[in-house]
Amino acid sequence: MTEVLPIIERRRIEAELLKEVYETLKAKLGMEEAKALIAESVRRSAIAQAREFAATEPGGTSLRSFMDIQKHWTASGALEIEVVRKAPDAFDFNVTRCRYAEMYREMGLAEIGPLLSCQRDGAFCEGYDPKLTMERSQTIMGGASHCDFRYRYAGGDAPAA
């Protein structure tokens with residue numbers, strides 16, 4: 001998948017439009033229904049985008065290929081991460097600074113920032129490779145000091161680094 005824009009810039013553009021969609025939905029349907037519709041739409045988009053990334057992997061998807069595409073999310077200093085563990089079946093890291101969260105707050109979208117960004121992560125796994133799963137117990141957007149990403153890959157394939 002060829003990205004013309006860094007992903008953080010793509011998310012900014014999407015958020016500008018979704019902000020207006022969210023406000024319209026909220027006025028017509030109420031906050032909970034508006035959030036549910038935004039969540040569903042963003043989730044579907046994340047799965048579709050993951051499938052696009054997966055389709056470009058010449059040898060098929062793997063934990064290694066997934067680790068290799070992480071550069072798209074960290075580009076332009078969008079995320080500052082500390083790798084905790086790389087193993088044949090695991091990739092664990094903490095995000096210590098999230099410019100996505102900062103951007104959504106600045107745009108007045110803190111209310112739906114987790115829907116626009118955080119919920120994408122697990123959904124991306126679904127579209128990228130069904131053997132890939134993610135667990136996370138906290139996020140910066142949710143008020144924590146860091147996000148704790150823990151990816152697992154059934155039938156590990158990536159050499160430990």
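Predicted model: local features only at pLDDT ≥ 70, side-chain atom pairs only at ≥ 80, totals over all residues.

Q: What follows helix 1?

A: Gly 30 follows helix 1, and the phi of Gly 30 is positive, near 95 degrees.

Q: Which residue has a positive phi although it is not a glycine?

A: The general idea is that most residues other than glycine have a negative phi. In this model, Ser 76 has a positive phi of about 60 degrees although it is not a glycine. Ser 76 is found in the loop between helix 4 and strand 1 (79–87). With a relative accessibility of 48%, Ser 76 counts as partly exposed.

Q: How many helices and strands are there in the chain, and in what order do the elements run?

A: The chain has six helices and four strands. Read from the N terminus, their order is α-α-α-α-β-β-α-α-β-β.

Q: What radius of gyration does the chain have, and what would a compact globule have?

A: One compares the value for the chain with the value for a compact globule of that length. For 161 residues, a compact globule would have a radius of gyration near 15 Å; the chain has 16 Å, which agrees. Along the principal axes, the C-alpha atoms fill a box of roughly 50 × 30 × 30 Å.

Q: How far apart are the mean positions of the positive and negative charges?

A: The chain has 22 positive and 25 negative charges, and their mean positions are 0 Å apart.

Q: How many aromatic pairs does the structure hold?

A: The structure holds 12 aromatic pairs. In the case of Phe 66 and Tyr 128, the ring centres are 5.8 Å apart and the planes stand at 55 degrees, so the pair is tilted. Phe 66 belongs to helix 3 (residues 63–69) and Tyr 128 to helix 6 (residues 113–128), so this pair ties together parts that are 62 residues apart in sequence. Both Phe 66 and Tyr 128 are buried.

Q: What kind of aromatic pair do Trp 73 and Phe 124 form?

A: The angle between the planes guides the reading, since over 60 degrees counts as edge-to-face. Trp 73 and Phe 124 form an edge-to-face pair, with 5.1 Å from centre to centre and 80 degrees between the planes. Trp 73 lies in helix 4 (residues 71–74) and Phe 124 in helix 6, so the pair ties together parts that are 51 residues apart in sequence. Trp 73 and Phe 124 are both buried.

Q: Which residues form one aromatic cluster?

A: One aromatic cluster is formed by Phe 53, Phe 66, Trp 73, Phe 91, Phe 93, Phe 124, Tyr 128, Phe 149 and Tyr 151.

Q: Is Ser 117 buried or exposed?

A: At 14% relative accessibility, Ser 117 counts as buried. Ser 117 is placed in helix 6. Leaving aside residues up to four places away in sequence, Ser 117 touches Tyr 100, Tyr 104 and Met 141.

Q: Where does Lys 131 lie, and which residues does Lys 131 touch?

A: Lys 131 lies in the loop between helix 6 and strand 3 (132–135). Its relative accessible area is 44%, so Lys 131 is partly exposed. Beyond residues up to four places away in sequence, Lys 131 touches Arg 152, Tyr 153 and Ala 154. Lys 131 and Thr 61 are 70 residues apart in sequence and 9.5 Å apart in space, C-alpha to C-alpha.

Methods. Residues numbered from 1 in each chain as written. Heavy atoms only, no water. Helix = DSSP H or I, 4+ residues; strand = E, 2+ residues; numbered from the N terminus. Rg over C-alpha atoms; globule rule 2.2 N^0.38 Å. Lys, Arg positive; Asp, Glu negative; His and termini not counted. Charge placed at Lys NZ, Arg CZ, Asp CG, Glu CD. Phe/Tyr/Trp six-rings, centres within 6.5 Å; stacked < 30°, edge-to-face > 60°. Buried < 20%, exposed > 50% of the residue type's maximum accessible area, 1.4 Å probe, protein only. Contact = heavy atoms within 4.5 Å.
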